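Visitor: I'd like to learn how to read a few features of a model. Could you walk me through it?
Guide: Happy to; let's bring it up.

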Amino acid sequence: MPAPRTVLLTGAAGILGTLMRGLLPSYGYELRLFDVAPIKDAPEGSTVITADLADRDALREAVRGVDAIMHLAGISLESTFDKILRANIEGTYNLYEAAREEGVRRIVFASSNHTVGFTPRPQGDDPLIPIGTPRRPDTYYGLSKCFGEDLASLYADLHGIDTVSVRIGSCFPAPTSVRMLSVWMSPEDGARLFHAALTAPVTGHTVVYGSSANTRLWWDLSPARALGYEPRDDSEKFAAALIAEQGELDPANPAHANLGGPFCTDPPIWPY
Ligand code: NAI
Ligand code: 15L
């Protein structure tokens, strides 16, 4: 597969989309930006499509001629089932159908650690969580990411569209909780991982965890490294301040016991 050059970035107005449209052009990509929310600060000359994932005609036009898609658009936290159904489940289906119709062969799917959120977090000498651990979604949101991964698997097997599903931890400029010390992915490492996922010579459906090389890491990063990802950051520099402010994680607290943290309570506890 030749290295992709033109990439459709869905969710380009969001937190991660904004970070990635800043970082990915330095890898040589030309980005086409898609979001239902207007993108006010898009660089001059960039292509911006303001449309909903429910709009199949707009999606088809948006994917036409791109080499690959980075699919970030959708609801990124817990919500009502109906809203998740429309944006994340039907929306992701619409995107894959548009890709199939227009012959796009590589998608990077923003999956989430909340596909396996009810997995108990490692403590002490417990082994890292493997990528093959059974799914245990913690929310309708996590459930929609399980659907996205399975949809990617179906479109790989049936239609030859290769997807790398990245189960992102917490990709923000800095971790804001003690839990995030374990699952944080710096934006720069995020760009390194998404670049690896866009270019790695893998076929079919590949699932990886996405984080920096954190001292307090909970999961196995070797599937991501196998794509050529070499993380350079570690959240440990934020640890002392966060622990002084919030204390260590308490295993007896249901919001601290599992990988998904406060998503594992009903209702989820914010902020996380
Ligand atoms: P965000 O909520 O800031 O951005 C999501 C974007 O998708 C928004 O700009 C929104 O307008 C757009 N969007 C929502 N529904 C849409 C629809 N129906 N049609 C078109 N656009 C729509 O979320 P964030 O943090 O940037 O996350 C991006 C993606 O990465 C999401 O899919 C999220 O689930 C996933 N993710 C993010 C993590 C993170 O740490 N930031 C962690 C794990 C997964
Ligand atoms: C996610 O999947 C969310 O999209 C993001 O906003 C964070 O909450 C992240 O997981 C997390 O687990 O911290």
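Visitor: Which residues are linked in a network of salt bridges?
Guide: Some ground rules come with that. This is a predicted model, where local features need pLDDT of at least 70, side-chain atom pairs count only at pLDDT 80 or more, and totals for chains, interfaces and linings use all residues. Residues are numbered from 1 along each chain as its sequence is written, chains are lettered from A and ligands numbered from 1 in the order in which they are written, and side-chain values use heavy atoms, with hydrogens and water left out. A salt bridge is a side-chain nitrogen of Lys or Arg within 4 Å of a carboxyl oxygen of Asp or Glu. Here, the network links Arg60, Arg64, Glu101 and Glu102.

Visitor: How far apart are the closest N and O atoms of glutamate 101 and arginine 60?
Guide: They are 3.5 Å apart in that salt bridge. Glutamate 101 belongs to helix α3 (residues 81-102) and arginine 60 to helix α2, so the pair ties together parts 41 residues apart in sequence. Helices (H or I, at least four residues) and strands (E, at least two) are DSSP runs, numbered from the N terminus.

Visitor: How many salt bridges does the structure hold?
Guide: There are 12. One of them pairs arginine 167 with glutamate 149, at 2.8 Å between the closest N and O atoms. Since arginine 167 lies in strand β6 (residues 162-168) and glutamate 149 in helix α4 (residues 140-159), the pair ties together parts that are 18 residues apart in sequence.

Visitor: Are arginine 167 and glutamate 149 buried or exposed?
Guide: Buried means under 20% relative accessible area, exposed over 50%, and partly exposed in between (1.4 Å probe, protein chains only). Both arginine 167 and glutamate 149 are buried. Glutamate 101, by contrast, is partly exposed at 37%, and arginine 60 is partly exposed at 32%.

Visitor: Which residues of helix α1 are buried?
Guide: In α1 (residues 15-23), they are Leu16, Gly17, Met20 and Arg21. Looking down the axis of α1, these buried residues fall within an arc of 125° and so line one face of the helix. That arc is taken from the directions from the helix axis to the C-beta atoms. Ile15 and Gly22 are exposed on the other side of α1.
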